[in-house]
Amino acid sequence: MQTPLVMTVIGPDRTGLVESIARLVAEHGGNWLESRMCRLGGEFAGILRVHIPAANRAALEIALNRLENLTVVVRTENPTVARDKQHFVLLEVIGQDRPGIVREITATLAGLDVNVEDFGSECVSAPMSGELLFQARVKLLLPSSVSLDTLRPALERAASEIGVEFTLTEAK
């Protein structure tokens, strides 16, 4: 019987780190399903989903915890209740960087019970002025009670308060 697991991994980045995790998953009969991994400030951070034979879970966890300088957390996947007509929306935010942008945008989303499915952000230099720009790309799952016509004005209020621009598009 296959056990679905979600794992988080964090530690100093180094060459071959992802391969060592992938090798251990494979050696324990696991199947790597999906992941998000990146290097931020010299640290490696990743989250991944695997299926592993139930009998191999403990051995995999022991092997993962033997990897040098890594913190690994393994949890059994908790599938959410299937939602009818999932409505995904892509939110893109850009503006001069300043503290509080993420807080204000996510507070607006949480206030409408909108779930953040995927969030990526970075600060980049503006092409002409060189000022620091904050950019975010966010995949949202709207509850059945929220439409784009409800979400847009709420985001417009937040965006005007913090001086950013945004776009909303239907996601696939």
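Biologist: If a cavity is a set of points on a 1 Å grid over the protein atoms alone, where a 1.4 Å probe fits but cannot get out, how many cavities of 30 Å³ or more does the structure hold?

Modeller: The structure holds one cavity of 30 Å³ or more, and the volume of the largest cavity is about 30 Å³, a volume being the space filled by probe spheres set on the points, which are joined across faces, edges and corners. This is a predicted model, in which local features need pLDDT of at least 70 and side-chain atom pairs count only at pLDDT 80 or more, while totals for chains, interfaces and linings use all residues. Residues are numbered from 1 along each chain as its sequence is written, and side-chain values use heavy atoms, with hydrogens and water left out.

Biologist: Which residues line the largest cavity?

Modeller: The lining, meaning residues with an atom within 4 Å of a point, consists of Val-93, Ile-101, Val-102, Ile-105, Phe-119, Phe-134 and Ala-136. Helix H3 (101–111) and strand S7 (132–142) each supply at least two of the lining residues, and H3 has the largest share, with three residues. Helices (H or I, at least four residues) and strands (E, at least two) are DSSP runs, numbered from the N terminus.

Biologist: And by class, what is in that lining?

Modeller: The lining of the largest cavity has seven nonpolar residues, with no polar and no charged ones; Ala, Val, Leu, Ile, Met, Phe, Trp, Tyr, Cys and Pro count as nonpolar, Asp, Glu, Lys and Arg as charged, and the others, Gly among them, as polar.

Biologist: Changing topic, in what order do the four strands of the open sheet run?

Modeller: The order is S6-S7-S5-S8, with antiparallel pairing, where two strands pair if DSSP finds at least two bridges between them. Strand S6 (115–125) and strand S8 (164–170) are the edge strands, each pairing on one side only.

Biologist: How many bridges join S5 and S8?

Modeller: Strand S5 (residues 87–96) pairs with S8 over seven bridges in the antiparallel sense, and Gly-95 stands opposite Val-164 in S8.

Biologist: How much space lies in the largest pocket?

Modeller: About 740 Å³ lies in the largest pocket, a pocket being an open set with protein on both sides within 12 Å along at least five of seven lines. Of the 20 lining residues, Glu-34, Arg-36, Arg-49, Glu-77 and Glu-117 are the closest to the centre of the pocket.

Biologist: Which elements give two or more residues to the lining of the largest pocket?

Modeller: They are strand S2 (31–40), strand S3 (43–53), S6 and S7, and S6 gives the most, with four residues. By class, the lining of the largest pocket has eight charged, seven nonpolar and five polar residues.
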